Every structure is written in structure tokens, then in C-alpha cells.
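Me: I'm new to reading protein models and would like a close look at a single part. Could you take the aromatic rings and walk me through them, along with the pieces of chain that carry them?

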Amino acid sequence: MKFLVVLFVLAPLMAGERFSLAENWFLQSSQKVRQTGAALSQPGFTPAGWYPVRVPTTVLAALVDNGVYPDPYYGLNLKKIPGFKEGRWLVMPEGSPFRFSWWFRTEFDLPESFRGKYLRLHLDGVNYQANVWLNGRKIAGADQILGMFRRFELPVDGQVRIGARNALAIEVIPPGLLPNRTYGTKQIQATTGWDDHNPQPPDMNMGLWRDVYITASGPVILRHPYVTSRLELPSLASAELKISVEVTNVSAREVTASVAGEIEQSRFEQAIPLAPGETRLVRFTADRFPQLRIRRPRVWWPHPLGPQELYELRLFARVNRTLSDEARVRFGIRDATTYLNEEGWRQYVINGHKILIRGAAWMTSDMLLRLERRRYEALIRYAREAYFNMLRSEGFSIRETDEFYDLCDQYGVMVTQQLFGRSIPDEALAVACVKDTILRIRNHPSLVHFLGHDETFPTPTLDKAYRELIAEYTPERTYQPHSGAFDVKDRFQTGGTRTGTRQLWTYATPSHYYRNKESGAWGFAQSGGIGGVVAPMESMRRMLPEHELWPPWTEAWSFHTVIQGGRYFDAFLKAMEARYGKPGGIEDFVMKAQAMNYESARGMYEAYARNKYSATGITAWKYNAAWPASPTWQFIDWYLLAGGAYYGAKKACEPLHVQYSYDDHSVWVVNSYYRPFRELHVRAEVFDFDLRSRLVETASVDVAADGKTRAFVLKWPPDLSVTFFLSLKLRDSSGRIISDNFYWLSTRPEIPAGQGSRGGVFYLDSKSYPDYTALAKLAAVPLRPTAVFRQDGNETEGVVTVENRTDRLAFLVHLAVRRGEQGPEVAPCYWEDNYFSLLPGERRELRVRFPTSELQGASPVVHAATWPELGRKSSR
């Protein structure tokens, strides 16, 4: 198509300059500071005895960095920090050093290019209130700087000096300064919380938790740029863009601003008169600017359904042909929506196609809010690698950062954003936080849906306000008030989702989601899951002293689970003993837990795949942990190591996949792509425990786009061993293996009995358990993996070959790249497959990638371990 090109002369891009205030900060408690804010914010003050810090940081994170407290993530160290309190709490304890305000102070010199500009100080995240002093003058008080999830912008061109030293002092006041009483809720202020996921940090995350910086502009500034697209469906042949931006005249005189934009080769412009202090919302639509009609747009898709195409919009404000301000925003062209189906369940649709949601709930990535790019990159990359297509950002978490959303855009992971955990008394503050969050994240194509509150409804006034904010600022996105009901009959009120039974937070068998309708693979579950997930042995040893590793539950081990303690997962331990045998030590426990987690995660996601679209999706509880914990709810542990649960989930979520059904023994081919596949060949082989082949079934199948095909139903031969094995392979017409799936099964059925709670501990009783105790008789299989590594940009890629040259089963093979011969396991590490099994004579060639920097100059060495040596020693 032809674009109408508006020509203009680009002035040098000196406007919109940003001066970071990340360095040269000092921190001290107000209890040790005698000076006033006016004195502290004078250049030349000597912060003797103060702690040097870098912003952003919380107070506790800064004190740990300064060696005041030992690593709070190891053993019982966190309990030794003053102000620590067990359990879930909202009121800062008396006597805590964090009950008082803390001062952050820095000095800086602004560049000469800022002279004559309009300058603004930005505080992108303060927890919880602050008094702000600049060069001896208070420029904002705690009545203004209030609420963790708001960004603040303060004009300072009359207070700062160009060519001379400046001093900034910020007194941060913590959350939790409340009357000491029982509140009967999990959230009372507009701050982060941790529910029962992990302990509450003693400082309640007080601090400057996001960036601090100064911007310089001309008299007109641009804020909150926004791009929406209307995609032609189903052809995807064209799209119309709609652009808006807030334009403000910060000067004391009337001006006319030329507001211009460009998207690749398309340019557009309009003139806007502005009175002093006036803000106007400027819109560009395809009716007036036909260049915003795009033919053959590059469409954004969730992985692996298509590429993650992104565009950049650049906006410029000029006054008298001089550049005043500039804004840039990245966006994607896509159509994403949700609706309630005929059964009252929420169905997601992307670019005109239904999509089965298989993902997990996202929690703040670090308990001390050390929100590092490395951790974000690893966690979201892991989600992509596992074919997780959604993360639900949890309401007790922070309102996630731009880094989080940028990476979800890049890696093709959709996001449902929860707005709050609970209703808070200061509803105006809650609404201000939600408004700011929406304005900040709404350009991201990964963001598709909003939830109101976690397991509860917002108050009617908050619910109304949320709906109005979404309708005004991002009307193309859908909303539901409640994350999900425990009783499925309430889904019509909550918005088409359920939470699942509380027992699923302890343990779920691999057959649970097949055999149970209301808490199984039916409809949409915002929670549920497989219960406790155990971290690999390497992580266990990193988080706990050796003497605290056994038996369950030592004090430190119990502390590193959930706030209810290790007994919360007694049902998991009981199931392990019944299914696999009583563990003889920590290594045996971890090994058996990897098998349990693998089969449960695989069974859960496979059940949803087989039942689509009576089942519409699950965001399992939960994806990641904010500190080292095991067992807890996680697919990736805090050390960025992936265990059996992750690789079981990844196996299940393969986009073209062969799978077994635990309820009726059927074998299915499931296709997640929006294109059909023909002439696929399915082979199932059943083996006795001694690996005698007892049954072979084959079938040739076609599978429709986003479809599923039942290949056959298996009928077990007589006299099978109590523990036996099933190997499934899916090949294309050329004989290439597309999907390879290996199950361990039992002739003893899973027969649930009752479930409930005794003394606050959940129980899951069974009349009969599958019997896998024979696995203890398996002998270790010596494997000698070979690896060829090459450099690919910032990553190292390896091709690893492993072969079973024995007549025994190599069960649950775990491959690890280590940093040198005896070094730790490299993490993050993205394996094509792991925790797999090899029959005699089988050979696998697998790819692995990891950031080269994680080697720290050492050579990569591949180790392999099989059952029963898993967790104790390895081959290389």
C-alpha cells in the first residue's frame, strides 16, 4: 500500500534526555540520623557511618549487600534478622529496626545540556511513603508519595543547579505502621505481599525499589503513548492502528506543539495548541491518517504458533521547530480476547483462533526485590522452552516491571495480570495504583486479560472503578473480578474460572486431572496444580546445611517450604512412601520426588490437551519461587535449576505430541499448531519390569489443525508385572521421531478414598496406590555422554549424545552441564529434553543452550545420572 509521508526536519534528539540516579547513594536509619531533611539534602554533607548502596534496592537487600546480615536465603539466617516474624503478618513488629523511616541520600552533577530545560525528578517505585528533599528544600511529602505501585514525577527545574553540586535526600517510610490488631485479610495496604509462599522479609520490602532519574525536555512533554491495532480476521491481511499520547504544556505560556510520529517508513503529524499547564490527549486514527492502515502486517503470536513480531513507534513534540520531547514504545499487532463459552468457562482466542492455555502463576522473582535482568530472562525463557503460553501475574506480587513484559513480548508468553490481592481500605489509592499500572503495561502484546482480586471479589466500588479504568485506557482487553471459585458452580459470578481444591496444593496424582471433573481437566483453572515440587539435590545443598537435610522436616528444611511448614506436604510424603517406597535419605527422597513431580506435571497438562475445548486452560499454582524452597510450588527453583516437574510439563506441552490417558488407557495425538498433519505413525510398546516386550500397537493417523486424534485404546496383556513400562513414539511419514514419551505404570489401580484437613494439615487418602516400589531394584546404568560445544553470540550451544549400551533400562536420565569437572551445575540451562529414559540400545542426541557467562571462564562438562544414582553421583 502507499503511505502518505509527512516531511519534517529532525532536530538533534537532545530532548527527552534521561540522567540516571542509580549510583552514589548512601543509606541510614532515621534512628541514627540527627539532622533534618533540609540539612541532609545540602551538598557537602558527609554521610559518615552510612551504608553505600545502589538504587533500586530495598533496605534489607542493601544491608545484606553491606554484610550487616549474612545471606538470608541460607538455612535459618533469615530468622536471625531483627524484626523477623513467623507466619503471615501485616503490622510491622514493635522493636523492629525497620519500623522507622530510613534515609536514602545521593549527590550528583547534571550535564550542561540540561541548562534551560524543564527538569523532572522521577521516582518509579517507592515502598511505601516518602518525604523528598532536594538542595535543602522539601519538594514532596509523604501525603503525596504514597503507594508502592505508582510512579511519581516532580518538577525540579527551579530547585536543581547546573554547573554545581546537587543533593537529594529521600526519607522512606515503611508499610505496616498500623494498629496492632487482627485484620482478617491478607492485604491492607497498596504494597507487595507474600501470602503463604515464603516468609515476609522483616523490612516488608521498604525502599526505592524502582529507578530514580531526572529527565530534561522543552516546554511540551509526551506521556503515556498507546498503540492499538484492529486486525482483519481471519485473513490477517490488514490492520488499522490507533495511536494516542498525552501532551502537556509544562510552561507558563501558550504554545503550539507539532506532534509527529513514525512507525518504520510511515510518518504522521498534527499541530496542537496548548494553554499554560494544559494536558490534551492527542489521537492519530486511520480515518485521518491512512498510513495507519497496514497491509500484510507482521503479526505477533504466542510461541510456538508463530513469530513474535514487534514494531516501534517514535513520537516527537516540537515547539517552534525545536524538538521538545520524544517518546518511544514497542508494540505488537495482534488480536487477543476472551469470552465465556456455553458451559460458562473462560475461553481465550488469539488472532481469531481458540487457544488452549497451559501455563502457570507467576510470583515476584525475588523476595528482596533484587529484580535482575538475568533472573527475568532465565525464567521467561524457560517458560517459552516448555511451550507455556501464559503466565498469570499474581495479585500479591509486585505489579511487574517493564523488563518482565518486554521479555514476555519477545519470547511469546501471554500474561494475565491480576490487579490486587485483596480490597484495601484506601480505595482511592488502590485505583491510583491500578491506573498507573494499566498506563504502563498496556502497550505490551503479551498482556491479554485482567483479573480483579485473588480468590475474592473486589468491593463493588473497586470493581466498578477497575471496569471503568479498563474501558477508558485499554478497552480491547477483557476483565473478570475474581481469580476463580473453589465451587465450580460459582464460575458464572467469578468470570469463568475456578481455583481448584485446596488439597491440590499438597499433591496431585498423575491421574487426578483425568478422573475428576470438577477439580480436573474441565473448564479453566486459575490455580490448582500438582502440589509440592522438590528442587534438585544441588539446590537442596545450596540452601540448607548438611545436618538440616534429613529427616523431614528439620527446622531449616521446614522453614524452606511454605509458611505453614514442611508438614503442609505430608500428603506428598505419604504418597511417595506408598507409591515408591519409604525414602532412605535425602538423595533417595529427591530422586523419588523428581519421578513423582514429572509424572504429575505431565499428567496434568496432558489431560487438558486431551480434553480441549471442554477444558479451556490452566495456569497452575505456581511457576517460580522468590527464595530457595523445597518442596514448594514451583517449576523453576530460585537457583534457576529445572527438575522433574518442569521437564514433565515440557514433555506434555509439546505442540505435536503423543500421549497416554490414565483413565481409559487410550493413546492420543494432540496438535497445538493451526495447521493439520497427515500420515503420522503411532507406535506403543508395553514392557514388563524385566523389559520383555508384551504388547505392540501401531496406527497411522491424521490430526486436524489445533486438533486431537485417538489412535487406539491399549488392553493390557495378562500377567503383567506389577510395575511395567509404556513407550510411545510418534513419527512423520519419513520415519523421523516427532514425539517420544515414556511412562512407568502399575497393575495396581489408583483408587482415591477421602480428602480433607486434620489439624490444619491436608490429607489425601487412597484405597489403593500404584506400586512403583520395584523401581528401587533398578541398577544404575553407566552412561558416557559426548558433547560438542560451539559459541553462538552470547550463548553456548551443545549437541550431547547419550546411548544406553546395556541390557538394562536407563531410567530418569538427568543430564547436567557443569562449570568444569567438579564445578556447580550451570544455570540457567535450556535442555531440549531431560529426565528421560533409555531402553537398551536407544540413543538420544539432544541440544542444550546456556549463557556463556555462566561458565565464568571454565570449560563445560556434561554429567549424566540415572536412577538410582540420581542426586548422589554422576557419569560424564
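**A close look at the aromatic rings and their surroundings**

Reply: Happy to! Keep in mind that this is a predicted model. Before we get to the rings, let's look at a sheet. In strand E46, Arg-844 is the bridge partner of Val-802. Strand E42 (residues 795-803) and strand E46 (residues 843-851) run antiparallel and are joined by nine bridges. These two strands belong to an open sheet of four, in the order E41-E42-E46-E44, with antiparallel pairing. Strand E41 (786-792) and strand E44 (830-831) are at the edges with a single partner strand each, so one side of each has no neighbour in the sheet.

Now for the rings. How many aromatic pairs does a search of the whole structure find? It finds 62. Phe-572 belongs to helix H11 (residues 570-579) and Phe-589 to helix H12, so the pair ties together parts that are 17 residues apart in sequence.

Another edge-to-face pair is made by Phe-811 and Trp-867, with 5.3 Å centre to centre and 70° between the planes. This pair links distant parts of the chain: Phe-811 is in strand E43 (residues 810-819), while Trp-867 is in the segment after strand E47 (860-865), 56 residues apart. Both Phe-811 and Trp-867 are buried. They also belong to one aromatic cluster, whose members include Tyr-580, Tyr-598, Phe-689 and Trp-744.

Of the 25 residues of H12, 24 are buried, so the helix is largely enclosed by the rest of the structure.

Arg-18 lies over the face of Tyr-213, at 3.6 Å from the ring centre. In another case, the charged end of Arg-399 sits over the ring of Phe-149, 4.2 Å from its centre.

Key. Residues are numbered from 1 along each chain as its sequence is written. This is a predicted model: local features need pLDDT of at least 70, side-chain atom pairs count only at pLDDT 80 or more; totals for chains, interfaces and linings use all residues. Side-chain values use heavy atoms; hydrogens and water are left out. Two strands pair if DSSP finds at least two bridges between them. Buried means under 20% relative accessible area, exposed over 50%, partly exposed in between (1.4 Å probe, protein chains only). Rings of Phe, Tyr and Trp (its six-membered ring) pair if their centres lie within 6.5 Å; planes under 30 degrees apart count as stacked, over 60 as edge-to-face and the rest as tilted. A charge sits over a ring if NZ of Lys or CZ of Arg is within 6 Å of the ring centre and within 35 degrees of the ring normal.
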